[in-house]
Amino acid sequence: MADLKHVYRFGKETDGNRSMRELLGGKGANLAEMCSIGIPVPPGFTISTQACKHTIDNDMEWPEGLREQVNEGVFHVEGEMNKKLGDKEDPLLLSVRSGAAVSMPGMMDTILNLGMNDKVAEALIRKTGNERFVFDSYRRFIDMFGDVVMGVSHEYFEEAITSLKEQSGVQNDTDLTASQLSELTDKYKAIYRKHTGHMFPEDPMEQLELAINAVFKSWNSGRAIKYREISGIKGLIGTGVNVQAMVFGNMSSECATGVCFTRNPSTGERELYGEYLVNAQGEDVVAGIRTPEPISSMKKRIPAVYDELLSYTHKLEDHYKNMQDIEFTVQEGKLFILQTRNGKRTGAAAVRIAVDLVQENIVSKEEAIAELVEAEHIDQLLHPQFENGDVKEKDLIGKGLPASPGAAVGKVVFDSKRAEELAEQGEMVILVRIETSPEDVGGMSSAEGILTSRGGMTSHAAVVARGWGKPCVAGCGDIVINYREHSFTNGDLIIKEGDWISIDGTRGFVIKGQKNMIPPKLSDEYEIFMRWVGEFESMQVRANAETPEDAEMARGLGATGIGLARTEHMFFKDDRVTAMRRMIIAEDEKERREALMELLPYQKEDFIGIFRTMEDLPVTVRLLDPPLHEFLPSEDEEVERVAQELGVTEKLLRIKIEALKEFNPMLGHRGCRLGVTYPEITEMQTRAILEAALELKAEGINAKPEIMIPLVGSVNEFVNQRAVVERTAEKVFSEHKDSIDFLIGTMIEVPRAALVANEIAREADFFSFGTNDLTQMTLGYSRDDATKFIPYYLDNGILGEDPFQTLDQQGVGQLVQMGTELGRAGNPKLKVGICGEHGGDPASIEFCFKLGLNYVSCSPYRVPIAHLSIAKAAIKGVKTSVNQN
Ligand code: PEP
Ligand code: MG
């Protein structure tokens, strides 16, 4: 590795650019890019992610050449700043920060003010005349270095500053005098010595080496691993390390530091949005330690700097063609940009920003669809909100910042671990913390929503919750949290752990008790965006629905048909189940037919409802699929009650239940095997479907039923069932002296069906891949039992993804491909779709698109996501210029 380049400079001389994000991490690549477009960025250098990987893999041994290149990097910064590290006249201080290829906010470590020691402090006091600032910087450095590099808990340092503030009778850190901070610096050194057994290192190069190693190591910290796991971040090799000249937002009241977004990350509105703090370091804003001021007040306070900032934000947004999240510092009136990245945003904001950027001619429609709106954003838009007017003044127990929209209801929990445990037990919880830290990501992810009493819109809780689309109310100063008592109070009101609360992250409300939630309204921008999405689609989206209400919802969300109506779901409703049970316990065909005739009107009524809603759009109705025992009771008392209802003895019912028992019902008497052995079931269902369609024809509705035979594994099964359907159709049509057009097809969900698809296709009008069963049978994982081992498989890398959520393209996908190709070879007119859960999963949809399927079918709420995923897949071939920063 001797000749390998590990270090890339940025500043007036810049080696990197934004295309190097894998190698330099997002932050490093963007710092280099910003330098090259004339943004004022303090100079520095980035150590590559490869060097991080090498060091971690080699027991913290640096790759050959890294030491020399770091020295050259320091030399570069010294040259551009005209200062020297450790100098006794004009010393340079550095920051050392992590930055992976994918943003992981606050997950890895940062060290500021590196290079500080007693001599440097003296020199800085001489140079700045600001003793207070120097000791404040020094003590912060010892704290961060001790905590991050040497593992001395930050709490020890916090205790020291808290007790000093108490002794001095002051509230804020900013109230401490220079000599108190100098005293505190000595105390911090003593804490460091006590807990490490060493003196605080004076040599800046030694400090730098240790700090770089700490950032390398933080890549594999528990919280970073957890964050990657939760966010599905895979395939990265390590973090970049950015070493950069320090600029100070805490030298005087002419200094400030802040974070801003080029557009409002909650609503998408075009406005500079963010927060800043006068006389503070960046960590104070992000960590939520002091509650910052809105950026709009900067306009009044330092108008020239505000205008300059505004011009850079426009430049950065135009350059990156995306909403930016920017960190800045003002040192003695001079503005520096420290970081830019694509800003995390809510679903509503994502859609609005995408539409606005197209209308402002900054991006094309293709770019907006491909890069600016993700499935999760659309998902968030469909999140529930509280019923209007549901919030009464008397129920309001606090108001905080509307940090991440949407409504959530749950039991109060104050501890992240506890939140995870309770969520695992199926409880809904709201995580309540004074402020969150990366340590809390597990609990935040498990909770329905997050409430904090401290911190702003860019605090950790707010940023992470927004990214995940989880409702969050932040900085709710009305409440006082007491971790020891497991409660929070607002005046006399006390809320204990386990009490129910509701939070509204859109309005910042905290409400006592459980509120009702309603589905959200979709914005005008959403309608525009989805119209554009439609322009790029070349595959249909249908919905899985079996009630008129679901069908209506699906149509409203853009479904162009029903791809799967599971008829058995209709049998569980009302008193239908009794007729169904009568059919199941029938002694002979005659009795069975009688019971089926009782079911016929119900079925017909269901189909009329769905066909009327869907009008002339296709509706695929699947004939009865599940094993019959699922309709019979299993509990003793239930058996007694059902026997009475059916007018049979308990004994007889028990004999029937016993006779229907199966060792492996998923592979037992189900699917078309029911229709083959009891053709009268297929006859009744066919009659119900066709009579419903004929009735609607008389009303002028041209229903398009598609009858689907489930669980076919051989052509003979299909031929058998097709004959029953056709025979019944002829009868129904001649009785009604009228007919309708309809299709007869099959699900492909038994692996053998995919292997002999050409034979089956010769007899069928359509295929629909039932990838739930196809996954179950191809992998040999029981759908009902796989949760016992799949989490372990995922944690241990045996599976990359849960194959029941996202299609196993390598295995099951081969069968889908083979089934499609063979099927179309056997019948060129064959229509092919998918109706397993994978029909709503973006990666699986892309796969289906590539195979050229005619449609995907998914649950109604996933219909818009499916539309977006298809459009994205269609556009993928088009080159886009939106930067992935
Ligand atoms: C399937 O198996 O993918 C399918 C859609 O049918 P079900 O889930 O009802 O078995
Ligand atoms: Mg199935």
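Reply: A definition comes first: donors are N, O and S atoms within 2.8 Å of the metal (3.2 Å for Na, K and Ca), and water is not among the atoms, so sites may look incomplete. This is a predicted model, in which local features need pLDDT of at least 70, side-chain atom pairs count only at pLDDT 80 or more, and totals for chains, interfaces and linings use all residues. Residues are numbered from 1 along each chain as its sequence is written, chains are lettered from A and ligands numbered from 1 in the order in which they are written, and side-chain values use heavy atoms, with hydrogens and water left out.

Me: What coordinates the magnesium ion?
Reply: E749 (OE) and D773 (OD) coordinate the magnesium ion, ligand 2, at 2.0 to 2.1 Å. The two are 24 residues apart: E749 sits in the loop between β30 (743-748) and α29 (751-755), and D773 in helix α31 (residues 771-779). Helices (H or I, at least four residues) and strands (E, at least two) are DSSP runs, numbered from the N terminus.

Me: Are E749 and D773 buried or exposed?
Reply: Both are buried, meaning under 20% relative accessible area, with exposed over 50% and partly exposed in between (1.4 Å probe, protein chains only).

Me: On to ligand 1. Which residues come nearest?
Reply: R566, G770, N772, D773 and R783 come nearest, out of 14 residues around ligand 1; a residue counts if one of its heavy atoms lies within 4 Å.

Me: And which polar side-chain atoms lie 2.9 Å from an oxygen atom of ligand 1?
Reply: R622 has one at that distance, and so does E749. A polar contact is a pair of N or O atoms within 3.5 Å.

Me: Which element gives the most to the shell around ligand 1?
Reply: Helix α31 does, with three residues.

Me: What about the hairpin between them?
Reply: The hairpin of β20 and β21 has four residues between the strands, and H486 takes a positive phi near 55 degrees.

Me: How many bridges join β21 to β22?
Reply: Four bridges join β21 to β22 (residues 493-496), again antiparallel, and S487 stands opposite K496. Two residues lie between the strands of that hairpin, where G491 takes a positive phi near 60 degrees.

Technical notes: Pairing = 2+ DSSP bridges. Polar contact = N/O pair within 3.5 Å; in protein donor to acceptor, adjacent residues only side chain to side chain.
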